[in-house]
Amino acid sequence: MKAINRVLIAPLLVLQFVSSSKVGAQSVVPSFKSNPKIQVYTTAENTQLRLSLSNNFILNSVSQQTKSTVSITIDPSKTDQTFLGIGGAITDASAEVFAKLSPKKQQEFLTAYYDKNKGIGYSLARTNMHSCDFSSESYTYIQEGDKELKTFTIDHDKKYRIPLLKKAIATTGGKLTLFVSPWSPPAFMKDNNDILHGGVLLPEFAQSWANYYAKFIKAYEKEGIPVWGLTIQNEPMASQRWESCIYSPEAERDFLKNFLGPTLEKEGLGSKKIIIWDHNRGEMLEKRANLVFSDPEVSKYAWGIGFHWYETWNGGSPKFESVGKVHEAFPNKNLLFTEGCIEKFDASKFQFWGNAERYGINMIHDFNNGTTGWTDWNILLDQNGGPNHVGNFCFAPIHADTTKDELIYTPMYYYIGHFSKFIQPGAKRIGNVISNKSVLSTSFLNTNGKIATVVMNQSDKAVVYEIAINAVKKTLTIPAHAMQTLVY
């Protein structure tokens, strides 16, 4: 517990950017024609800066000017994908931890994530269709063996998860884009007769399983929780010790084409966005996208492809290029980051800056390769990185010490906020060319005409950089190990 005490962040840090949010809402001249008004927000290691308004990093006077080491050229005339949103997963684990907080801390938590002005403005969410590893137990919505789904009920979720979902939706003003994902069919529908440890869906239960999705979506919407879309299967190529199910590329294609797609249409749910794959970057184009998106009879059901970041588990590097390949080959299909987290929980690393930088690197590269939205894993976990019924504990951007009724804000929360707070749904990614690799950057043009440029410095030294648009230039400084968002 001593390690946790040392890393608790006072709520004051969360609120540092609240007082400046009104400043960021001032009228901005995106054309950059004369004297552009730029608002700079900064989060930096070894400082008190946490999404803090920090216009002092703009070098205005001649005496301040030093030669920049990198130039970022912005071209609003070059547009790419439309931004869907950023958010995290509202799992059983998150909901159970949330329920243990006092009403005051619950409100602080909801504001921190879902309030546009006082928080970081999450607009996207994922939730599990019956149990996953981040549930306290394995469960389904039917009695085992009920192929006809006569016993279907979501009563289990009404205790924790549905109340949290409703509060999150209310905090966003009703503008939360929610997609759902199953981790496994019920045990009797699989060849291993086990909800855990992989296995495959038995052909004789394919229609029953497709009906299950429709019942779940309708049941949630009856509770006042709109469902925007769904993934077919979480990590369909991983046999895990927790809830899991294997789909070959052909099996996923055929289930979508012959069962899930037609069933949702028949049930009046044809507008729901169906996402294939929902697994790691890598050979997404070769092993999934080509097979599904090149077949008109199945492609008509698929909104896009989802992916995770765990391809680095064996020491390899992130496969960002695979995202770009899918975007280039199928520009009319959408790419959605559906899950990522820092694995192997260690309470001594709540404030480890490298965790935040992993998020920054992945988010910038994913967006620059055509990703429309980005979904973190659990929005909240306890001081032990759980609960998790198989001991697969990990990090979340915010943890709760339930013994002290305290929230622990990690650097990851602030780095995600540099995107989610300033890039609004409906924004268009625009041209953003960097002269060298001193920093990373991406830019979006919001529907209100404002541009948000995110800049990240991973180095041990401050970097002086120049931002140029329409032949007008501004020089700024970004501290060591820092993230900045420029709004103009």
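Predicted model: local features only at pLDDT ≥ 70, side-chain atom pairs only at ≥ 80, totals over all residues.
The largest nonpolar core of the model holds 123 residues, and within it Phe255 and Leu380 touch the most other members. The element that gives the most to this core is helix α7, spanning residues 206-222, with 10 residues. Apart from this core lies another one, made up of 20 residues, among which are Ala44, Ile58, Ile451 and Ile478.

The crossing in which α12 passes α13 is right-handed. On the α12 side, the residues that meet α13 are Trp353, Asn355, Ala356, Glu357, Tyr359, Gly360, Met363, Ile364 and Phe367, while α13 contributes Pro411, Met412, Tyr415, Ile416 and Phe419. Sorted by class, this contact of α12 with α13 comprises 11 nonpolar, 2 polar and 1 charged residues.

In the second pair, helix α4 (residues 92-99) and α6 pack at an angle of about 85 degrees, again with axes 8 Å apart, and α4 is therefore roughly perpendicular to α6. Asp92, Ser94, Ala95 and Phe98 of α4 make this contact with Arg161, Leu164 and Lys167 of α6. By class, the contact of α4 with α6 has 3 nonpolar, 1 polar and 3 charged residues.

Helix α11, which covers residues 320-329, has Phe320, Ser322, Val323, Gly324, Val326 and His327 as buried residues. The elements that cover the buried residues of α11 include the strands β3 (70-82), β9 (302-308), β10 and β11 (371-378), together with the helices α9 (284-293) and α12. Asp346 is placed in the loop between β10 (334-339) and α12, where Asp346 is partly exposed, with a relative accessible area of 31%. Although Asp346 and Phe395 are 49 residues apart in sequence, their C-alpha atoms are 8.1 Å apart in space.

Leu149, in the loop between β5 (124-129) and α6 (161-171), has a positive phi near 65 degrees, and Leu149 is buried, with a relative accessible area of 4%. A positive phi, near 45 degrees, is also found for Glu235, a residue in the loop between β7 (229-231) and α8 (249-266). Glu235 counts as buried because its relative accessible area is 9%, under the cut-off of 20%. The peptide bond between Gly386 and Pro387 is cis, with omega about 10 degrees, and Pro387 lies in the loop that runs between β12 (381-382) and β13 (398-401).

Technical notes:
Residues numbered from 1 in each chain as written. Heavy atoms only, no water. Left-handed = near helix turned anticlockwise from the far one by under 90°. Helix = DSSP H or I, 4+ residues; strand = E, 2+ residues; numbered from the N terminus. Contact = heavy atoms within 4.5 Å. Nonpolar A, V, L, I, M, F, W, Y, C, P; charged D, E, K, R; others polar. Core = buried A, V, L, I, M, F, W, Y, C linked by side-chain atoms within 4.5 Å. Buried < 20%, exposed > 50% of the residue type's maximum accessible area, 1.4 Å probe, protein only. Axes fitted to C-alpha atoms, helices over the stretch in contact; angles between N-to-C directions. Parallel < 35°, antiparallel > 145°, perpendicular 65-115°, else oblique.
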